[in-house]
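Thanks, everyone. Please have the model open while I talk. I'll go from the whole chain down to a few residues.

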Amino acid sequence: MVKFYESSFNYDYPFPAVSLAYFLRYPNPYATHVLSTDVIDRHFDSSTQRLSTTRLHLKKSKLPPTLLKLLPKGILGSSADAGQSYILEKSVIDVKEGWMKTESRNLEWTGILSVIEKQIYRRPCSGIATPDSSNLDLVESTKGEGTDVTTTVTLLSRFGQARVLRRKGEAGATSPIPASGSDEEGPAKKGFFSSWSTSSLQRSIEMIGLRRTREATGKSNEGMKVVLERLRRGGLGRVLEGMQEDRLRAFGQDPGSPFKRA
């Protein structure tokens with residue numbers, strides 16, 4: 001089974017500002033769990049005028065208790081309490097045409113639940129032309145223009161699937177060819193109920209992931225709005241100051257304290 005989630009949102013800010021805020025969105029007051037962000041690849045295609053970026057995010061993350069209750073004890077080993085997970089993010093941005101496509105996926109616990117988020121940011125068709133790059137005020141230079149974003153999330157659990165397939169393969173390899181009229185009800189029923197139990201568990205895992213995705217999407221939108229408002233009020237300098245303040249909060253420190261983390 002596969003679960004899908006889709007949502008649409010409009011930022012009341014121009015596309016250049018929204019695309020910049022996307023790359024500066026971690027950390028923010030709604031995402032203090034993000035510990036670090038590293039760019040592992042970035043290149044500009046002069047023929048298409050497109051910028052492609054691959055980043056790796058490290059986040060504080062644990063499997064939710066409701067999900068852990070569904071899993072056999074000890075199956076995750078020490079990884080269940082590690083408290084950190086990696087997210088791989090890829091993006092392509094075309095400022096000239098006014099769109100950006102992103103894809104993010106989890107690198108941890110993929111056998112339990114794979115989550116792939118795809119987003120498309122677009123300047124409305126009736127939007128204003130791209131502002132002069134020499135103008136650093138990305139918000140005021142295209143005032144009145146918004147940015148539409150569509151988010152699509154695919155959730156897939158393969159938990160227990162390999163075991164079911166392995167058992168089917170072993171049964172097929174060892175079972176003799178039945179004689180005419182022989183009774184196969186026992187093995188057939190056992191395989192049926194085993195598959196049903198696995199499918200039911202996968203659906204439960206996906207439903208838990210779907211609920212968390214709805215919550216995370218709302219927080220993500222709010223976090224972006226915080227970054228955009230900082231950009232509008234104080235430019236890039238205020239955004240960087242805000243990132244530093246949120247990073248201190250992530251480590252349990254007061255941004256106003258004179259004793260700051262080195």
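Among contacts in the protein chain between residues at least 6 apart in sequence, what percentage join residues at least 24 apart? The figure is 70%. Contact here means heavy atoms within 4.5 Å.

Some ground rules. This is a predicted model, so local features need pLDDT of at least 70, side-chain atom pairs count only at pLDDT 80 or more, and totals for chains, interfaces and linings use all residues. Residues are numbered from 1 along each chain as its sequence is written, and side-chain values use heavy atoms, with hydrogens and water left out.

Now the overall layout. The protein chain has four helices and seven strands. From the N terminus, the order is β-α-β-β-α-β-β-β-β-α-α. Both element types are DSSP runs numbered from the N terminus: helices are H or I with at least four residues, strands are E with at least two.

Next, the surface. The protein chain exposes about 15600 Å², and carbon and sulfur atoms supply 54% of that. Areas come from the Shrake-Rupley method with a 1.4 Å probe; for residues, only the protein chains shown count as cover. Of the 262 residues, 37% are buried. Buried means under 20% relative accessible area, exposed means over 50%, and partly exposed is in between (1.4 Å probe, protein chains only).

On to the backbone. Most residues other than glycine have a negative phi, and most peptide bonds are trans.

Start with the bond from Y26 to P27. That peptide bond is cis, with omega near -10°. P27 sits in the loop between helix 1 (15-23) and strand 2 (34-45).

Then Q49. Its phi is positive, near 60°. Q49 is in the loop between strand 2 and strand 3 (50-60). Its relative accessible area is 39%, so Q49 counts as partly exposed.

Third, W109. Phi is positive again, near 55°. The loop holding W109 runs between strand 5 (99-106) and strand 6 (114-122). Is W109 buried or exposed? Buried, because its relative accessibility is 16%.

Last stop: T151, in strand 7 (residues 147-156). T151 is buried, at 3% relative accessible area. Which side chain does the T151 side chain meet in a polar contact? That of Q119, at 2.9 Å. A polar contact is a pair of N or O atoms within 3.5 Å; within protein, one must be able to donate a hydrogen and the other to accept it, and residues adjacent in sequence count only if both atoms are side-chain atoms. Leaving aside neighbours within four places in sequence, T151 is in contact with Y5, E6, S7, E117, K118 and Q119.
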